[in-house]
Amino acid sequence: MGALVPAQLPAADRGSLRIADRVIAKIAAHAAGEVLSGAPGAELVPKEAEPHASVSVRKGPRNAARLRLTLELGYPADIGSVCGLVRRHVTSRVEALTGMEVPEVAVEVERLHSAAARRKGEGRVQ
């Protein structure tokens, strides 16, 4: 009866878990893709234009992950609203799956895809 079962050990004695930055970035990119698949104009964005994420993790008593997402959107769309949805969903998913705080999600829209450009065969709308 003298031996402690794992649930009775203090957290520091049970070990620790380190999640690689690239794993956090993959989780964030996947979460952004979940939102973007249903966003207005999603059908205009090529399938190979998947969101890309980078992350910097601040070590401390509670690890915090600062995320940067690069994505492409269909146009016309309410860009601010779509980016807000992406930000909220990515924050929620990363926090739930990693247990880390996510104080910042920066979203960069790299390219807009429009039906007009597709019809003209051009890369930009005039």
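Let's start at one spot: Thr70 stands opposite Glu108 in strand E3. Thr70 itself belongs to strand E2, residues 64-75 (strands are DSSP runs of E with at least two residues, helices runs of H or I with at least four, both numbered from the N terminus). This is a predicted model, so local features need pLDDT of at least 70 and side-chain atom pairs count only at pLDDT 80 or more, while totals for chains, interfaces and linings use all residues. Residues are numbered from 1 along each chain as its sequence is written, and side-chain values use heavy atoms, with hydrogens and water left out.

Thr70 is buried, at a relative accessible area of 16% (buried is under 20%, exposed over 50%, partly exposed in between, with a 1.4 Å probe and protein chains only). Beyond its neighbours within four places in sequence, Thr70 is in contact with Pro51, His52, Glu108 and Glu110 (contact is heavy atoms within 4.5 Å).

Now zoom out to the sheet. It is open, has three strands in the order E1-E2-E3, and its pairing is mixed (two strands pair if DSSP finds at least two bridges between them). E1 and E3 stand at the edges with a single partner strand each, so one side of each has no neighbour in the sheet. E2 and E3 run parallel, joined by eleven bridges.

What about the core? The largest nonpolar one has 27 residues, and Leu67 is one of those with the most contacts inside it (such a core is a set of buried Ala, Val, Leu, Ile, Met, Phe, Trp, Tyr and Cys residues joined through side-chain atoms within 4.5 Å). Helix H2 gives the most to this core, with eight residues.
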